[in-house]
Amino acid sequence: METHGFLAPETEAAARDRYEAVGPAAQTVVKETAKAMAFDREEYDERVTGEVIETARDALFASLLAVHTGDREEYESWLADRDREVTERGSEHVSRVAWHDALGETVVAATYETETDAAVATLRRQAYGSVYRERLAAPE
């Protein structure tokens, strides 16, 4: 079993703290990217909205999520020691699994055969979308 990334909040409060903490980094990334694209002040003000920065924060948070990868036996052994709701995508006949333990409540998993980096990146987006997005959304 191998672990990619380091962000594995065990509670919703811990996830919210980490999500808030990546906000300034997301803003800096967006600002520097706009600078590299030679946006002038007017174009920056017009195009770089709160929604753009929020999207960057979502992507940054998701990109830091800890994802374990291993063969099916490693995954099932890891899962056997935990009481979690499981959302697994893919085929049970595929030999490798990528998974994220979300808030100690839900395991989001996906099977893959050979492309570990692609599986990890995809699983991070899936975990963010299916577990964290709604919980971290700013109250309306």
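Me: Which helices each supply at least two residues of the lining of the largest pocket?
Reply: This is a predicted model, in which local features need pLDDT of at least 70 and side-chain atom pairs count only at pLDDT 80 or more, while totals for chains, interfaces and linings use all residues. Residues are numbered from 1 along each chain as its sequence is written, and side-chain values use heavy atoms, with hydrogens and water left out. A pocket is an open set of points on a 1 Å grid over the protein atoms alone where a 1.4 Å probe fits, with protein on both sides within 12 Å along at least five of seven lines; lining residues have an atom within 4 Å of a point. Helices (DSSP runs of H or I, at least four residues) and strands (E, at least two) are numbered from the N terminus, and the helices asked for are α4 (50-63) and α6 (116-136).

Me: Which element gives the largest share of that lining?
Reply: The lining includes Thr55, Asp58, Arg124 and Tyr128. The largest share, 6 residues, comes from α6.

Me: How many residues of the lining of the largest pocket are charged?
Reply: Asp, Glu, Lys and Arg count as charged; Ala, Val, Leu, Ile, Met, Phe, Trp, Tyr, Cys and Pro as nonpolar; and the others, Gly among them, as polar. By these classes the lining has 4 nonpolar and 3 polar residues, and the charged ones number 4.

Me: Which strand is joined to β4 by 7 bridges?
Reply: Two strands pair if DSSP finds at least two bridges between them. Strand β2 (residues 67-71) runs antiparallel to β4, with 4 bridges, and Asp71 stands opposite Arg96 in β4. The strand joined to β4 by 7 bridges, also antiparallel, is β5.

Me: Why is β4 described as largely enclosed by the rest of the structure?
Reply: Burial is judged by relative accessible area with a 1.4 Å probe and protein chains only: buried is under 20%, exposed over 50%, and partly exposed in between. The strand β4 is largely enclosed because its buried residues number 6 of the 7.

Me: Which residue in the turn of the hairpin of β4 and β5 has a positive phi?
Reply: The hairpin has 3 residues between its strands. The residue lies in the loop between β4 (96-102) and β5 (106-112) and is not a glycine, although its phi is about 60°. At 3% relative accessibility it counts as buried; the residue is Leu103.

Me: Is Ala38 buried or exposed?
Reply: Ala38 is found in the loop between α2 (23-36) and α3 (41-47), and its phi is near 65°, a positive value in a residue other than glycine. Its relative accessibility is 61%, so Ala38 counts as exposed.
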